Amino acid sequence: KTMQAITTIRMLLLAGQLRNVLLVCPKPLVTNWVREFRQWAPEIPVTVIEGDATKRNWIWQQHNTPVRIANYELLMRDKSILDDPNTHFDLVVLDEAQRIKNRNSTTAQIVRALPRGRSWALTGTPIENSVEDLINIFEFLSPGYLRSEMNLKSISLATRDHILRRTKDKVLTEMPPKMFRDEQLELSPAQYDSYRTAEDEGVVQLSDMGEMLTIQHVFELVLRLKQICNFDPLSGSSCKLERLEADMEEIAASGQKAIVFSQWVETLEKIAEPLQRFGPMQYHGRIPSKKRDGVLAQFKEDPSKHLILMSYGAGSVGLNLQFCHYVFLFDRWWNPAVEDQAINRAHRIGVSAPVTVTRMMAADTIEQRIHEVLEQKRELFNQLFADAGPPRSAGLSQEEIFGLFNLAIPKPVKHAA
């Protein structure tokens, strides 16, 4: 997507059809876009919107740079500048456009208000939770074109001429495959005791709450149990860490590199300490943005660095790590689309060998139940774009979240008039 967008921008600029382009992306990906422009369109000047308010205001006012790159957060800070009636862009490009999937969010409202001649949206996950995500992205592309009451077939037909989807299997029929390995691991004795106590007591507490029970209470129990599945809170023991350590022995011995994803930075930090002999690097929200490119460069070039530990939030989008042939999902994300994005950091065009994806889950726990529910839903994305069958929600519905513990959803309390 990045290369196609840049080369098309380059052609339109050289043809005189564009003079003023704004590209909006998440903050961690700004340097990546600058680097890609240098590679694919080195003659096109690019300016990054950055610095304090005075400097940013000055950059916005300059008209001698055809391409400007801003992150989503800065758009909110500079809303007053963008509201200037003299502001206009020939093209606005949104990278990771799922950022505007919530129609009523401040980000979505500011982006939709940008004065522009053309609108492009780049995303590998146009649907993260439901078809409504795609409808809201189209509110930026073509307001009112898609409507919530449209059925799946109508949406599929309506979007066909507006979506350019370039899948790896069609571009490279001989591309090495992804090989999935679902590891259902038995909790360590300490983990098992902590887990059983936490789940039994937690379910009793939730049941006793009656009509006061909310989805937030259920989520809190789910998160607590998932964390125990990673590490026992008392002893620190971990069946997943034991398996990861054993696998890393073989990976490092063969000179290969691996990525480990987790939902929690604390989990990544716990993994790093006992695996020091594999030279673990860390890439997550606590690593300053300006240092992240250096982390990736060292991980790629240093033969002693066999492992990089990434959070889903920081490492699941926009990165090219096709030199890694092993991916571990230490814990599972709520949505299969986000997991697929993370896996595709390694399984990208240019990968030279099969990518082995190990999805770790503790047997007979909440993790296995979540896995079974999400696997039934992984097809929504393909159903929409293949024009097949009725849609199913991509994320967990309220009924399914309560159903993880066989809990009934409390009926709304009726108040007397």
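Is Glu183 buried or exposed, and what is the relative accessible area of Glu183? In this predicted model, local features need pLDDT of at least 70 and side-chain atom pairs count only at pLDDT 80 or more, while totals for chains, interfaces and linings use all residues. Residues are numbered from 1 along each chain as its sequence is written, and side-chain values use heavy atoms, with hydrogens and water left out.

Glu183 is buried, with a relative accessible area of 14%, where buried means under 20% relative accessible area, exposed over 50% and partly exposed in between, for a 1.4 Å probe and protein chains only. Glu183 belongs to strand E6, residues 178-185; strands (E, at least two residues) and helices (H or I, at least four) are DSSP runs numbered from the N terminus. Leaving aside residues up to four places away in sequence, Glu183 touches Arg243, Thr358, Arg359, Met360 and Met361, contact meaning heavy atoms within 4.5 Å.

Thr65, in the loop between helix H3 (53-61) and strand E3 (67-71), also counts as buried, at 12% relative accessibility. Its side chain forms a polar contact of 3.0 Å with the side chain of Thr47, a polar contact being a pair of N or O atoms within 3.5 Å of which, within protein, one must be able to donate a hydrogen and the other to accept it, with residues adjacent in sequence counting only if both atoms are side-chain atoms.

Two packed helices are described by the angle between their axes and the distance between the axes. Here axes are lines fitted to C-alpha atoms, for helices over the stretch in contact, and angles run from 0 to 180 degrees between N-to-C directions. Helices H10 (residues 189-208) and H11 (residues 215-230) pack at about 175°, with their axes 9 Å apart, which makes H10 roughly antiparallel to H11. Angles under 35 degrees count as roughly parallel, over 145 as roughly antiparallel, 65 to 115 as roughly perpendicular and the rest as oblique. The axes of H11 and helix H17 (residues 366-375) come within 9 Å and cross at roughly 110°, so H11 is roughly perpendicular to H17. Val222, Leu225, Lys226, Cys229 and Asn230 of H11 meet Ile366, Glu367 and Ile370 of H17 in this contact.

Helix H12 (residues 239-253) contains 15 residues, and its buried residues include Leu244 and Met248. At the start of H12, a side-chain oxygen of Ser238 lies within 3.3 Å of the backbone nitrogen of Lys240, and H12 is followed by Gly255, whose phi is positive, near 75°.

Methods. The expected span of a helix is 1.5 Å times one less than its number of residues.
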